[in-house]
Amino acid sequence: MDSIRVQGGTPLQGIVKIQGSKNAALPILAACLLTNGQTYLENVPKISDAYGMIHMLEELGCLVRWERGLLKVDSGEARLGVVSAKLAASMRSSIFLLGALLGRFRKAVLDYPGGCVIGKRPIDLHLKALGKMGVRFQEKEGRLEASADELRGADVELGFPSVGATENLILAAVAAKGRTTVKGAAREPEVQALCEFLKSCGAFIQGTGTNEIKIEGGKPLSGARFRIPADRIVAGTYLFTGFATGGNVFLEDAPVSHMEAVCHLAERMGASLVADQEGVYVQYPERAGELPFLRTDVYPGFPTDLQSIVLAVRCTGTGTTLIRETIFEDRFHVVDGLRNMGAQIRIVDGRSVLVNGVERLRGTRAEAMELRGGAALVAAAAGASGETILSGKQFIDRGYENICRDLRELGARIVSE
Ligand code: EPZ
């Protein structure tokens with residue numbers, strides 16, 4: 001079951017409930033290592049990256065089990081271990097265990113984190129920042145060994161608001177002695193969710209959601225009950241897919257307050273949106289309107305994780321669009337697949353593409369190469385004429401609980417096989 005079959009051309013119509021956020025759940029799962037007692041997490045998405053993180057926690061001695069829809073995590077018996085290569089190599093989020101293991105054991109041994117193919121994904125910002133807290137690193141046989149005699153609070157300035165580096169710093173800082181100030185911190189909602197979770201466990205954190213976060217370390221952290229917020233990228237994926245098909249949808253639970261740039265862009269492309277605390281209703285134009293330029297940026301700018309999906313629907317939008325990807329250096333893997341469907345896309349340089357809207361794409365055989373590019377091909381197939389068979393579903397399953405189920409609920413003719 002690793003491919004998806006889509007009969008394109010059906011306008012989307014209906015209601016879909018948005019799943020919990022992958023990028024909030026992963027660091028919060030790692031943070032459970034820092035708590036004494038049991039944590040109950042609600043709305044953890046049932047995606048392979050979450051299962052991978054759960055497996056790594058179990059390998060470290062945590063007790064993890066689903067109980068009536070909640071995920072119960074007890075890290076009381078956790079012990080230091082090597083984060084497994086197989087799982088670490090398959091997903092970037094293993095890197096969050098670095099900060100959590102240092103916070104718990106003052107030591108961590110990780111195989112170099114893998115992840116998508118969207119660029120070299122270095123961890124220099126993580127290492128430089130943690131080094132300021134007294135952590136020493138060495139590399140042995142492709143493993144990263146980190147240790148600290150004493151983890152001490154520090155004033156850290158991040159050269160770039162890296163989401164992962166900010167989250168790792170927070171995970172180490174809540175366990176460190178003294179105060180840590182993170183300047184140039186990432187403001188993404190997922191960083192905010194991590195801070196909210198840690199505060200619910202008893203951590204003292206100020207500046208959540210700003211570029212300057214202050215943490216008083218060393219407070220004992222209890223378990224907590226916490227709801228993972230809905231996934232703004234999954235909501236944005238389905239929101240933009242409607243531009244390829246037309247119709248109208250209601251995205252239940254969509255975290256609209258964290259989707260300002262996304263909703264603003266959808267309105268610029270001609271959709272009409274009505275948002276309330278339950279979610280967002282979207283009415284699509286016959287054809288996506290002009291969009292001369294789109295630039296991805298750190299939050300609250302337009303999210304890089306939706307760049308491929310917007311590229312896909314601009315293939316049948318009005319006019320020409322220049323898309324500039326400022327976060328990752330190699331996030332245009334989806335271009336070949338879209339071209340095979342009849343898209344007119346020119347790669348300007350490693351960071352920009354120019355897409356010229358055509359009337360309609362045509363179904364074909366396609367292959368997902370990574371998570372968001374795969375979702376983009378599904379969006380394109382939903383609006384294309386004819387049938388598309390998309391292989392590489394396993395990449396999409398990393399971040400989407402069940403993209404076929406969700407889009408079927410919106411009326412798309414899509415099955416996994
Ligand atoms: C997180 O990745 C997300 N992943 C990504 O989502 C998301 O695209 C990204 O943040 C940006 O929002 C998770 O949360 C699990 P970064 P992360 O550190 O932490 C460079 C998805 O599709 N950089 O903010 O890896 C890096 O190479 C995934 O759900 C360094 O140079 O992102 C990239 O160019 C994809 N040195 C840029 O910063 C470092 O030490 C942004 O990276 C760290 C990062």
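**Charged pairs and a ligand site**

Author: Glu 401 has a relative accessible area of 25%, so it counts as partly exposed. Please keep in mind throughout that this is a predicted model.

Reader: Which side chain does Glu 401 meet in a salt bridge?
Author: Glu 401 meets the side chain of Arg 405, with 3.2 Å from N to O, and Arg 405 is partly exposed as well, at 29% relative accessibility.

Reader: Where is Asp 253 found, and what is its phi?
Author: Asp 253 is found in the loop between strand 15 (247-252) and helix 9 (260-268), and its phi is positive, at about 80 degrees, although it is not a glycine. Its relative accessibility is 23%, so it counts as partly exposed.

Reader: Where do Asp 49 and Arg 398 lie?
Author: Asp 49 lies in helix 2 (residues 48-59), while Arg 398 lies in the loop between helix 13 (393-396) and helix 14 (403-409), so the pair ties together parts that are 349 residues apart in sequence.

Reader: Buried or exposed, that Asp 49?
Author: Asp 49 is buried, with a relative accessibility of 3%, and Arg 398 is buried too, at 10%.

Reader: Let's change topic to the ligand. Which residues are closest to it?
Author: The ligand is surrounded by 22 residues, and the closest are Asp 124, Leu 125, Ser 162, Asp 305 and Ile 327.

Reader: How far is a ligand oxygen from a side-chain N or O atom of Ser 162, or of Asp 305?
Author: For Ser 162 the distance to an oxygen atom of the ligand is 2.7 Å, and for Asp 305 it is 2.6 Å. An N or O atom in the side chain of Arg 372 also lies 2.8 Å from a ligand oxygen. Taken alone the ligand exposes 820 Å², and the protein buries 90% of that.

Reader: Which salt bridge does Asp 305 form?
Author: The side chain of Asp 305 meets that of Arg 331 in a salt bridge, at 2.7 Å from N to O. Asp 305 is in the loop between strand 18 (293-295) and helix 10 (307-314), and Arg 331 is in the loop between strand 19 (320-324) and helix 11 (334-339), so the pair ties together parts 26 residues apart in sequence. Both Asp 305 and Arg 331 are buried.

Reader: Which helix gives the largest share of the shell around the ligand?
Author: Helix 5 does, with 3 residues. By class, the shell has 10 nonpolar, 5 polar and 7 charged residues.

Reader: And where does the ligand lie relative to the domains?
Author: Domain 1 (3-19 + 232-416) and domain 2 (22-227) both give residues to the shell, so the ligand lies between them.

Note on methods:
Residues numbered from 1 in each chain as written. Predicted model: local features only at pLDDT ≥ 70, side-chain atom pairs only at ≥ 80, totals over all residues. Heavy atoms only, no water. Near = heavy atom within 4 Å. Polar contact = N/O pair within 3.5 Å; in protein donor to acceptor, adjacent residues only side chain to side chain. Areas by Shrake-Rupley, 256 points an atom, 1.4 Å probe, with all protein chains shown as cover. Helix = DSSP H or I, 4+ residues; strand = E, 2+ residues; numbered from the N terminus. Nonpolar A, V, L, I, M, F, W, Y, C, P; charged D, E, K, R; others polar. Domains from an automatic or database assignment. Buried < 20%, exposed > 50% of the residue type's maximum accessible area, 1.4 Å probe, protein only. Salt bridge = Lys/Arg side-chain N within 4 Å of Asp/Glu carboxyl O.
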